[in-house]
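Please look at the sequence and the model first.

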Amino acid sequence: MVRDTKSNNRAVEAEIIEGTSLWKDAGQRLRKNRAAMAGLFIVGFMAVMALSYEVIAKYVTGFTLEEQHPYVVPKPPGARSVPATYYKLLEPSGALSFEAVDTNGDGMIEAREIQAAYRQMEFSTIDKNGDGVLDYEEYAAAPLAMKSPGEFVPKCEQWANIRRSMAPIRHPDIFKCDAGEAGTITIEQSGRLVDILSIGEARDLINRFDKSGDSMLDAGEYVGLPKPRTNLLGTDQLGRDLLTRMVYGARISLAVGLLATLVSFLIGVSWGATAGFVGGKVDNIMMRIVDIMYGLPFMFLVILLMVVFGQNIFLLFIALGAVQWLTMARIVRGQVISLKGQEFVEAARTIGVSNLSIIFKHLIPNALGPIIVYATLTVPAVMLEEAFLSFLGLGVQAPQTSWGALASEGRQLMEIAPWLIVFPGLALAVTLLSMNFLGDGLRDALDPQLRKD
Amino acid sequence: MFGPLSTIPRRAICLMLVAACAVSLGACKKSGGEAPAKGGEAAEFVAGSNATVFTFALSADPQTLDPAKMSGSPEGRIAFNLFEGLLMPGPTTEGLSKPEELVVPGVAESYEISEDGTVYTFKLRENAKWSNGELVVAEDFVRSWKRVLTPNFPGDYAQILWVIKGGEAYAKGSDDWDSVGVKAIDAHTLEVTLEHPTPYFPELVAFYTFFPTPAAAIEEHGDAWTRPGNIVTNGPYKLTSYKEQQEMMLDINEHYWDQENVALKRARVRIISDINAVVNAYRTGELHWSGAGLPVAQITGLLAHPDYFKEPMLGTYYYRVNVSDANSPLANPKVRQALALSIDRESLIDETLNGLYTKAESYVPPGMPGYETKTTTSYNVQKARELLSEAGFAEGKGFPRVSLLYNTDENHKLVAESVQDMWKRNLGLDVELVNKEWKTYLQDVSSVQYDIARAGWIGDYNDPMTFLDMFVTDNGNNNTGWSHAEYDQLIASAQAESDTQKRIEMLQEAEKILMEEGPVIPIYYYTNNMLVSRFVEGFKQHNRDIHLLKYLKLPGLAQ
Amino acid sequence: MSRFIIQRLLSSMVVIVIIITMSLWITRQAPSNPCLKEREANTCVCVKEHALDRPVFPLHVGSPLQEMKGCEFWQPASSMSVGPVTLIGLSDWGNTQFAIYMKTLMQGSLGKSMVTERTVLESLKSGLPYTVHLGTQALLLAMLIGIPAGLYAGLRQNTASDYSVMTVAMLGVSVPSFVLGPLLIMLFSLELGWFRAVGWESWSDSVLPTVTLGLYYAAYIARLTRGGMLEVIRKDYIRTARAKGLTEKLVVYRHALKGALLPVVSYLGPAFAALLTGSVVVEEIFNLPGVGTHFVRSALNRDYNMVLGTIILYSSLLVVLNLVVDILYTLLDPRVSYDK
């Protein structure tokens, strides 16, 4: 009995506070919830990343979204490429002096010579002890060395046939195939291990500096070579920097998730609450409409919408949200039905509060817990749906991309390039987890019955 | 009622943790560090070690098993083993010098060609039988071909029979079968008269639309005649069971005339649509042959596979250009030339596509016995820029934004993105990529509602005609609006020409026109990349991807 | 109660007819048609064979009708654009695609597939057992993991164990099935060799797909259970129960659980329906012969009859499931009543 009185007292106190600042109070409670704040921080961080793609591309990664470096691809994390847009020139001296690069000494630098210069540059980077040859340790540590395939390693004669098409396999047997008698590998023997620039890229590079239009550089035109940069998270099949693409993908993924959820939230809550509150025939009709929408072929709807709206991705995902509201409406309706029989609603009705007011001021706030739980679940659901659509080729249009599209592209390559699925998948998972914790925190903070317990 | 639940939470949490650990373990194992080198030391990989009969994958359920109606490769793969034509494709297309070597005798033991090349007389073997034991006679072929030529017969390849004299007229409703050039002289002699001398007719006869179909079974069961139990076949195998989306079983047809020489008495066809799943099934020892081509994305991981198998294909991957809108710059042949010249096919293939395909510098692929292309479109940015400025778009200025349409597929996307990049870089053109799902793509292409569209053409027979006649004015497969009187004329005279050398020259001339003024930008020639157990004997390169089970042997397989 | 059920079933029939009508219209609005092939084929024959050259409804809404080579084809030239309303003529009622389809339906048939040579019923019959088996197993797994995890976390709100349990549970919803599935294959099929990677021949083949599909829904259910528990644990009747001096266990399992499971129950209906079609990715990755694959493939192939058949199957299941959910609702929460 004593316990009961106490909690009643608390309830009375609470009533007074609520009257003044429900939302301020909720904000305070949210700030105390560490997990939620961590979630908020991470989601915020992702949002900032997404917004600052241009800055990140220029100053952090050094690559742009579409820039392709298609040689020995996909490149693993830590590999190097030569940026084409945002680059710093290396001084034309030493190994990069005009004479050193112009190996055939005809007074002109050609694409092949530029490619060779970068091979030399990469070789020196890999050759940690600087003895001019690679031992197995250095060979295996080279970023382009390929993970050994599972159930077999090719024999030397087989390897000789395919070494033109792929990077060396990180396996002692293959090393022995390539190595000379000394058991080390010279730059000539290193094959694609040190190829960081394709001949096509070398031609582009020349075209960038070539003033005379002869597709070669003379001493006057040669101003040094762009400095290679590291692909921190590796590259995809076209040699595009994964980190840059993920930063851009964040933009699409987050926008899609939030927009579609907002749409589903607005429609679903109003619809479900109205149906649940009014009940009877109206409820029946409204929920039958929801049933009909459920039975509709979602795939067809999306294909149709793709045709109608063309390639406008945002309109499409607003439409996605308009599909998502169905479950929201059902949940809200269920909540409202069980809430509306309760005393506080009866009380409100007796004192003459209007129906609209009862719905929005009393029922919805009290049903907010499950609604928020569901809304936070809708964000990942929509993000996943977007990924699913990309999987079917109906999502983001290339060369734009999203985390879902990146992960579904990565799926095909997961055996040889696990980073392509792990990093986008991780970004997706971390963001979704954070959103969920944030949603939890909000739920707790907004629950009027929970205060000070 | 919820009592027993009280013990569950802890157990469930354990379960959940195990699952989560397993997942993260998987991720870690692959993402982190170097896996312990297995390879050389581990037990040698043997394909199909978990399969009891010869097993291969099929990429989709066949839409039909009726050879008269079918088109498409999964259907063909089954039809070539269930049925047998007068002639059959040989085991390989490599190293042949004459087109006649492409085929081997099937139901026909031998055949003779008349002087002018228009009358073929086939001598049928007397021991050729259906799987119900009945003889295969000349009348079977007459009936089957008549069925295909019936007006409005729903056969995708029905038009291929129009090479027969009077075939087209009959199909269009002439109702005069007597004037169609197919006659059964006696039970074992069939005489076929052709509209034109058709040097590739032997290969056509070895194609499934020309295969005999069992008239009695069709009469009895209607469309359901292809079901297991109803189906009667005359090839080396019969269909014993078929589970949709799962598998088919092919068993030796004990009435087949050559059945003692067929080594594989049984074959299991696994229907696996996702190519990644095919590779997984192969790697777990459930398949002897991957059946379909491998995904480009995975190829570097499979190049070193001991069972990796590569064969050139009679097919071209190209971009078709809509020339029907006179106001579009694409209607200008110079612009199209510039687009074709500014694609660096070598780097596209070597660097982006891992050297999987062969660069295409013309439209007709190499490897056809007796034909060699005389045109090349090589990478030449300088010339491309000149042509573009001659057309009035120096450095791409004033060029409208055109779209490049492709159907949803990783490979098409890779190519399109590279080409988009090259056109931007080399010509300063902005091209928008449009990716549509297959059917919408088909609709856009067949109604010529695109600017530039990805296309692929796999030849039906080893003759340039299969590539060239489609660009004749108003051909149903032209789909570009391109029309060129001289080209049409050359193709028509080549069709009527009985002198091989002259005919080839006309076709070479036509191809030259097509490359210079036509709506075609070739990208690469297809190759077929597969996994085939290295212990399978008799599996040879075939440029139309026809691999008959009857040529294969798998020593040591329990039958 | 029985009156309520009969009423619902009757209105459900109406719902299904409306769904059929709408789907029939929508499928015909999608660009392209089932007869179009990569090479020129005898399209017109196919169009005529499937009566696609007839109007969909007597009342045609939309832009001018598109003509196929040699065929009168009633699909609008540009989809979905609202154009003039044309009355085809009431005498043609029986000739419309709608009438033909309804007649077929009345004969207990779903028509023939427009792409393969099988009937729609055959294909659905062969696929449904796998999909239902997979869906049921996945849902059971999801509940087995989700409900206990949610309850456990809900009762220990904001503690370390709450966070860790929920974090683990949320992994299921955070990792897309097309990532999880291949990872499981890589680990358990290719590396360890415990399960087969592809196909469905014995029960063990269903383990990996079930886990891939189930973990996703387990996370959903855990969330909803936890939320429901938090909601209910502070309700007056729980306080009363506690005040009566009942043990905590009894309070939780006898009283709180029912209320806490309400959101879960209302989720189960749609969840099961979603499992049926949502298993598409899983069916694709593991190459399972289910209905989900049929649905997507037929939509992409414009196999109208197959799409409609799948939709009818799917809607009927859904209507029944929702009815069951509503009945469960009244059983769990006596305050909810449908008989007024």
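This is a predicted model: local features need pLDDT of at least 70, side-chain atom pairs count only at pLDDT 80 or more; totals for chains, interfaces and linings use all residues.

Residues are numbered from 1 along each chain as its sequence is written, while chains are lettered from A and ligands numbered from 1 in the order in which they are written.

**Chain C**
- Chain C has 13 helices and 4 strands, taken as DSSP runs (helices H or I, at least four residues; strands E, at least two) and numbered from the N terminus.
- Of its 340 residues, 52% are buried, meaning that 20 or more other C-beta atoms, placed from the backbone, lie within 10 Å of the residue's own.

**Chains B and C**
- 52 residues of chain B are in contact with 53 residues of chain C (C-beta atoms, placed from the backbone, within 7 Å).
- On the chain B side, α1 (8-31), α7 (275-283) and α13 (438-446) each give two or more residues.
- α1(B) gives the most, with 15 residues.

**Sheet in chain B**
- An open sheet of 4 strands has the order β1-β10-β9-β8 (chain B), with mixed pairing; strands pair if DSSP finds at least two bridges between them.
- β1 (54-58) and β8 (237-243) of chain B each have a single partner strand, so one side of each has no neighbour in the sheet.
- β9 (residues 247-252) and β10 (residues 266-271) of chain B pair in the antiparallel sense over 5 bridges.
- D251(B) stands opposite R266(B) in β10(B).

Technical notes:
A residue is buried if 20 or more other C-beta atoms lie within 10 Å of its own, exposed if 12 or fewer, and partly exposed in between; C-beta atoms are placed from the backbone. Two residues are in contact if their C-beta atoms, placed from the backbone, lie within 7 Å.
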